[in-house]
Amino acid sequence: MATKANKKMLKSILLIMLAFVILFVSVTGYRLTTIMLINGEKYQSLASEQQLYDTLITAPRGNILDSKMNILATSDTAYTIYIIPNSINNLQDENKKTLIKTTIAKGISEILEIDFETALGYTEKKTSYVTVKKRVDKSVADKIRQFTADNKDLGIARYIGIDETTKRYYPNDSLASVVLGFVGDDNQGLAGIESYYDAQLTGVTGRVVAAKNALGADMPFSYQVVEEAKQGNSLVLTIDSYLQHIAEKYLEQAVEANRAGDRGACVIMDVNTGAIRAMATKGDFNPNSPFTLSEADQALLDAEGSTYTKNELLNKQWRNKTVSDTYEPGSVFKIVTGAMALEEDLATLDSSYNCAWSIVIAGQVYHCHKKGGHGTQTLKEAMVHSCNPAFITIGQLVGTSKFSKYFEAFGLTKKTGIDLPGESISVYHSEKNMGPTELASSSFGQTFNITPIQLITAVSAAVNGGNLVKPYVVSQVLDYNNNVIKSTQTIVKRQVISEETSKKIRTMMQAVIEDGGAKNAYVAGFKTGAKTGTSEKVAQNNASGEVKYIASTVGIAPVDDPELAVLVMIDEPNGGSYYGGAVAAPVVSEILTEALPYLGYEPQYTDKELAQYALNIPSVINDDIATAKNKIVAAGLKTRVIGNGEKVLRQLPLGGQSLAKGGTVILYTEEGATEEPNVTVPNFIGATVSEANNIASAAGLNIEFTGNISSNGYITAYKQSIDPETQVPTGTIVTVYFRDTSAANVAD
Ligand SMILES: [Zn+2]
């Protein structure tokens with residue numbers, strides 16, 4: 001027996017030895033929280049041949065943190081379960097050998113949830129080390145330990161081993177998944193940040209060499225640390241978890257409500273620095289189990305007659321659409337065409353253009369979306385109307401040479417260089433291949449393909465004073481002591497347009513929200529700007545025969561001195577409307593309505609907005625009844641008193657919340673006063689503003705309006721904050737979201 005390699009013994013001794021290593025590195029002040037043995041097979045074979053053990057020590061992978069130092073990805077202790085078939089097969093007693101094999105196979109197949117036959121197969125292998133399962137958690141490892149203890153009489157512990165390793169862990173599950181990416185079985189980065197920054201995160205593997213004493217296995221080891229392991233660096237992202245959360249929440253709701261055929265994407269970018277504050281694709285995946293399909297994708301795979309493969313769907317759910325997809329931006333691009341004409345002094349905001357519905361360029365007829373045409377309009381009005389004939393005219397005025405020069409200057413001919421893998425290149429008409437018709441279609445954002453990240457970077461340049469910045473997601477690299485070893489500085493590639501032109505673009509984008517197709521991007525209390533776009537997916541349409549669209553909107557806020565640009569795109573909306581103004585603009589509104597107060601911007605409501613949207617509820621707790629009533633009535637609200645006490649003990653809704661005019665604040669004046677009974681939340685979807693008001697008051701609820709309620713189109717509710725049929729206390733505020741659904745107001 002002494003001449004045969006005793007793997008278990010070897011493992012134990014190596015672990016003791018490694019404990020010395022840990023002690024050693026601790027004493028020398030080196031931080032090493034977890035160690036991992038790899039290459040088990042290799043050192044085992046070395047052991048039998050040379051009596052020399054060369055062991056690698058892997059340091060833990062660095063963390064990934066958001067801009068507020070919240071952990072997005074970290075490493076947990078995990079365990080690898082292995083067995084030692086040679087030690088079983090070397091047993092002389094055939095009956096005992098069989099009993100041990102079946103006992104092990106039964107035990108590990110149950111605990112590790114693998115097939116019994118597969119487990120039995122492992123015990124038959126002519127090798128000294130078989131990995132049964134990697135990256136199991138402690139509870140599973142404990143069950144294996146218990147199993148070996150329960151079978152002590154068979155000496156099972158000699159044939160099963162447990163190695164401590166690390167396992168990547170993402171505490172927020174799918175949050176920012178397409179940005180973070182994921183790792184493989186050996187903790188190697190396979191996608192996203194995990195892949196792009198793999199070398200930084202991985203750190204440096206250490207090595208220990210140990211020699212076996214010539215007198216035999218029972219003798220102590222001598223060992224030497226040849227190279228110390230070095231823990232991976234951590235990364236601080238520009239992503240803010242809260243902004244990421246609201247971007248994902250509203251994007252996901254829109255992808256579902258519009259039954260998007262090919263998902264949706266959103267980017268929130270700091271227009272001045274290029275820092276990406278949020279970046280999302282929905283539906284996406286959970287990086288803790290990246291090879292599991294989402295429920296929706298599993299259903300697609302399982303559907304009768306499904307032509308999908310699992311790999312195809314996995315690749316889709318891993319795909320970061322904002323950098324890897326290209327699309328025709330459509331009318332959102334009119335921002336860029338407008339900027340060219342203004343910068344070259346070929347137009348002013350008041351230059352006038354005629355739209356007679358159709359325009360003919362080199363024999364090709366182009367129509368405006370408005371039947372009969374817009375007639376004479378200024379540049380600003382043409383932007384508000386999103387009039388194609390006007391922008392074709394402007395494009396012809398700019399000419400192919402200058403158009404191509406600006407197209408390149410706005411960064412649309414090259415990758416942005418964002419620090420993420422898989423960035424696609426754009427496809428466009430080069431200057432020498434651009435005739436009058438290519439120029440015409442390019443002027444309103446069609447017949448060329450760019451990535452969403454290129455588009456939002458170009459729009460950022462158009463509104464930030466003219467600077468084309470490089471977008472980025474990693475702001476700092478930290479060493480294992482959280483010392484900053486590298487910081488990302490904003491890179492301004494060039495100034496494309498003047499501050500003066502940029503200001504004019506902002507003015508036009510504000511007008512598009514106030515009077516044009518982006519009314520649904522409106523944010524009460526804040527001055528913002530936006531431009532919508534709807535484009536056909538030309539390549540896909542040719543293949544399938546049916547027309548598919550991408551609906552998108554880019555918003556900027558605050559419009560006078562923008563900090564944020566928000567791009568939302570819904571790919572293949574199937575929920576009725578496919579216009580950017582109907583499908584994507586409301587999502588921009590929802591996101592900015594929460595993002596701006598979060599970033600410290602104070603809402604400043606106009607009188608009109610105050611009348612329609614939000615009245616601030618005063619806090620009246622501990623006030624006497626008369627004072628409380630006066631305060632609330634002065635705020636434009638009503639009261640209802642419950643109980644016979646003299647002071648207000650409780651109020652609903654609470655002070656500080658906002659409520660539409662005419663809402664009711666319930667004042668409780670007695671401990672144990674009979675509570676108002678719960679009420680059932682009604683369905684507001686499809687209701688007009690006044691209908692919603694009536695529905696809420698009949699139900700004993702308060703209502704808060706958000707979205708677009710002030711334009712002259714057909715305004716209806718499309719979403720509510722509390723689901724219908726939910727039981728809630730009387731007086732609870734339900735937020736109801738409104739948008740204009742009339743095609744004339746949202747087409748572009
Ligand atoms: Zn027109």
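This is a predicted model: local features need pLDDT of at least 70, side-chain atom pairs count only at pLDDT 80 or more; totals for chains, interfaces and linings use all residues.

The chain runs to 748 residues, and 48% of them are buried. If you take the contacts between residues at least 6 apart in sequence, 72% link residues at least 24 apart.

α19 covers residues 499-515, and its 17 residues reach 24 Å from first C-alpha to last, close to the 24 Å expected at 1.5 Å a residue. Its buried residues are T501, S502, K504, I505, R506, M508, M509, Q510, V512 and I513. So what covers the buried residues of α19? The cover includes the elements in this table:

| Element | Residues |
|---|---|
| Helix α14 | residues 334-343 |
| Helix α15 | residues 379-385 |
| Helix α18 | residues 452-463 |
| Strand β20 | residues 529-536 |
| Strand β21 | residues 549-557 |

Now for a pair of helices. Two packed helices are described by the angle between their axes and the distance between the axes. For α16 (residues 388-409) and α17 (residues 436-443), the angle is about 115° and the axes are 8 Å apart. The crossing of α16 and α17 is right-handed. On the α16 side, F391, I392, I394, G395, Q396, T400 and F403 make the contact, and α17 brings P436, L439, A440, S442 and S443. Sorted by type, the residues of this contact are 7 nonpolar and 5 polar, with no charged ones.

Technical notes. Residues are numbered from 1 along each chain as its sequence is written. A residue is buried if 20 or more other C-beta atoms lie within 10 Å of its own, exposed if 12 or fewer, and partly exposed in between; C-beta atoms are placed from the backbone. Two residues are in contact if their C-beta atoms, placed from the backbone, lie within 7 Å. Helices (H or I, at least four residues) and strands (E, at least two) are DSSP runs, numbered from the N terminus. The expected span of a helix is 1.5 Å times one less than its number of residues. Axes are lines fitted to C-alpha atoms, for helices over the stretch in contact, and angles run from 0 to 180 degrees between N-to-C directions. A crossing is left-handed if the near helix is turned anticlockwise from the far one by less than a right angle, and right-handed if clockwise. Ala, Val, Leu, Ile, Met, Phe, Trp, Tyr, Cys and Pro count as nonpolar, Asp, Glu, Lys and Arg as charged, and the others, Gly among them, as polar.
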